[in-house]
Amino acid sequence: MNKKIIIRTLEKIALYMELKGENPFKVSAFRKAAQALELDPRSLAEMDDVTKLKGIGKGTGDVITELMDSGKSSVLEELQAEVPKGLVPLMKLQGLGGKKIAKLYKELGIDSAEALKQACIDHTIQKLPGFGPKSEDKILQELMEFDSRPGRHPIWKTEEAVATINEVLENIKEVSEYSVAGSYRRTKDTSKDLDFIVATAEPAKVKDLLLAALPVEGTIASGTTKVSVTVEFQDPIDIDFRLVAPEEFVTALHHFTGSKDHNVKMRQLAKSQNKKISEYGVEQEDGTIRTFKSEEEFFQHFGLPFIPPSVREDGRETDRIEELPELVTIEDIKGDLHMHTTSSDGANSLKEMIDACRSKSYEYMVITDHSQYLKVANGLTPERLLAQNKEIRELNKEYKDIEIFSGTEMDILPDASLDFDDDILKQLDFVIASIHSSFQQPQEQIMERMLTAMKNPYVHMIAHPTGRIVGQRGGYDPDVEQLLDWAKEYGKIVELNASPYRLDLAVEFLEMAQEKEVPVAINTDAHAIEQLEVMAIGVRHGQKAWLKKENVVNTWPLEKLKAYLKK
DNA sequence: GCCGTTTTCGGCCCGACTGTTTTCAGTCG
């Protein structure tokens with residue numbers, strides 16, 4: 001029995017219990033059991049007794065055992081017999097939770113979205129105790145909008161909204177400090193909504209100014225310290241603003257940066273020290289509230305080093321603090337191994353790209369324009385590539401402060417051949433191989449193409465290994481584990497493409513790469529000088545996988561990298 | 001349902017907002 005199926009079953013049981021209106025602690029016990037399994041790196045076969053895991057006891061352990069023995073769960077089956085399936089999607093509606101849905105089912109027999117809609121239209125909802133005319137209106141509204149609302153927003157779409165809001169906040173003089181928080185600050189590749197913390201002594205005034213400056217489409221909640229609105233940018237997106245007093249800024253920022261699991265862990269830790277964390281400060285044993293000047297100081301208060309937002313995820317980060325000093329940081333980056341110029345589809349010339357990298361104080365850089373197959377990107381023919389190679393060699397003599405490698409981003413063609421012959425490739429310093437075509441091929445064919453590149457002795461790196469676009473397309477679906485095994489076997493680097501459109505490899509695969517000791521390069525794939533800045537996003541994405549500096553080749557000094565590429 | 005260096009019962013992170021109440025339950029993050 002697959003571990004993932006067991007995890008999903010435990011979560012499903014929790015969901016059905018919620019719909020039954022079960023004790024919330026019992027519900028969360030099943031969620032915690034699912035999480036305990038998920039966070040344990042071992043396979044089920046490797047665990048002799050699951051109840052030894054913290055969070056799994058007799059009840060949840062029995063469910064797991066039954067699933068392993070018979071492939072089914074009588075607990076889930078009983079719940080499913082009792083709770084209509086049609087109630088499950090109702091949990092997604094804003095403002096409706098397990099208890100209210102359970103009540104609607106028990107009292108009115110509502111067992112589906114359609115039945116709920118009809119009950120709203122017939123005005124039977126508002127007669128139910130605990131519900132009223134406003135609830136009825138809201139539910140109906142939610143039901144109408146639900147299908148058209150986007151789920152999670154990819155980071156490349158939210159960036160624009162964040163920049164706009166930052167600008168608005170910057171220009172309100174009553175705002176003393178502000179920051180985006182939430183999953184965006186943690187550099188998740190998608191976000192459900194955006195959170196902003198705003199420090200001000202005049203919350204009411206700031207609230208009015210803020211709402212007046214934004215294209216607000218609707219209001220979800222509007223209190224004195226918390227405002228939730230739907231704002232119309234490219235797509236409508238929900239934004240939470242928390243207005244706090246200046247001294248509360250740091251604890252509020254920490255709280256609303258999350259993750260939820262990280263906060264739970266921190267609060268438990270505080271409790272064990274007889275303290276209490278809230279968004280307003282840390283209550284000491286004697287009842288006084290302590291506030292902080294910085295998050296560093298906040299963590300220090302609990303005897304912890306600064307934990308960067310990027311790794312505040314599953315709550316285990318507080319147990320991995322000894323690894324924090326080894327994490328890759330933006331200051332460690334010594335070069336960028338993937339960028340384009342006007343020779344192919346870039347917006348800036350060779351010299352402009354070089355000057356931009358010099359101003360970033362990089363030790364080295366690689367020019368990697370597209371190859372001839374990619375006609376839409378004006379890919380270079382062997383002749384143009386060799387001419388560029390010569391030009392780079394000349395420029396390299398001229399610039400003493402940076403080493404300019406001559407490279408290519410060569411297509412792996414649909415027929416599993418490579419776009420350049422070996423006698424061309426061997427004249428280059430750095431060869432990237434990547435797939436830009438025939439994504440729909442079956443996995444065996446994709447993998448055959450990858451294997452050709454892996455086996456070629458002149459190829460150094462596989463770029464954007466899965467071809468995904470965050471929140472838009474899945475890519476060409478390679479068997480990533482196999483790919484990483486090959487990379488290890490044939491000595492290839494895999495890329496962490498830092499473009500917010502890609503962030504490819506994804507976090508789980510980067511973890512796998514590090515475990516298999518496959519070196520990673522964090523590259524911007526810049527098509528214009530401004531895009532060199534996405535390196536910071538890539539680094540934070542890498543931190544989410546706990547990538548260590550030593551495993552990221554472009555943190556290495558020039559000589560070490562050169563020696564590695566030559567072998 | 002799970003857990004225990006206040007250990008087999010009683011708590012489980014903490015607080016804001018809404019809509020319903022007339023003091024609070026439910027939902028959300």
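Between which two helices does the loop holding Ser 259 lie? Ser 259 sits in the loop that runs between helix H11 (249-257) and helix H12 (260-272); helices are DSSP runs of H or I with at least four residues, strands are E runs of at least two, and both are numbered from the N terminus. Before the close-ups, a word on the model: it is predicted, so local features need pLDDT of at least 70 and side-chain atom pairs count only at pLDDT 80 or more, while totals for chains, interfaces and linings use all residues. Residues are numbered from 1 along each chain as its sequence is written, chains are lettered from A and ligands numbered from 1 in the order in which they are written, and side-chain values use heavy atoms, with hydrogens and water left out.

**View 1. The domains of chain A, with domain 3 against domain 4.** Chain A is split into domain 1 (3-148), domain 2 (153-244), domain 3 (251-326) and domain 4 (330-566), with bounds that come from an automatic or database domain assignment. The centres of domain 3 and domain 4 are 38 Å apart, taken over C-alpha atoms. Nine residues from domain 3 and seven residues from domain 4 make the contact, meaning heavy atoms within 4.5 Å. Together the two domains bury about 760 Å², of which 57% is on carbon and sulfur atoms; this is the accessible area (1.4 Å probe) that two parts lose on being put together, summed over both.

**View 2. Polar and charged links between domain 3 and domain 4.** If you are looking for the salt bridge here, the count between these domains is one. A salt bridge is a side-chain nitrogen of Lys or Arg within 4 Å of a carboxyl oxygen of Asp or Glu. Lys 544 and Glu 313 meet through their side chains in a salt bridge of 2.8 Å, N to O. Domain 3 and domain 4 also have four residue pairs in polar contact, both residues at pLDDT 80 or more. A polar contact is a pair of N or O atoms within 3.5 Å; within protein, one must be able to donate a hydrogen and the other to accept it, and residues adjacent in sequence count only if both atoms are side-chain atoms.

**View 3. Glu 313 and its partner Arg 186.** The closest N and O atoms of the salt bridge between Arg 186 and Glu 313 are 2.9 Å apart. The pair links distant parts of the chain, 127 residues apart: Arg 186 is in the loop between helix H9 (182-185) and strand S3 (190-191), and Glu 313 is in the loop between helix H13 (295-301) and strand S11 (335-336). Arg 186 is buried, with a relative accessible area of 9%; buried means under 20%, exposed over 50%, and partly exposed in between (1.4 Å probe, protein chains only).

**View 4. A salt bridge between Arg 502 and Asp 525.** Here the closest N and O atoms are 3.9 Å apart. Arg 502 lies in the loop between S16 and H19 and Asp 525 in the loop between S17 and H20, so the pair ties together parts that are 23 residues apart in sequence. Arg 502 counts as buried at 13% relative accessibility, and Asp 525 is buried at 7%.

**View 5. Backbone geometry to check by eye.** Most residues other than glycine have a negative phi, and most peptide bonds are trans. The peptide bond from Gly 258 to Ser 259 is cis, with omega near -5°. Another cis bond runs from Asp 504 to Leu 505, with omega near 10°, and Leu 505 is in the loop between strand S16 (493-497) and helix H19 (507-515). Glu 517 has a positive phi, near 60°, and is exposed, with a relative accessible area of 56%. Trp 546 has a positive phi near 60° in the loop between helix H20 (535-544) and helix H21 (558-566), and is buried at 6%.

**View 6. The surroundings of Gln 234.** Gln 234 is in the loop between strand S6 (226-232) and strand S7 (236-244) and is partly exposed, with a relative accessible area of 48%. Leaving aside neighbours within four places in sequence, Gln 234 is in contact with Lys 157 and Glu 160.
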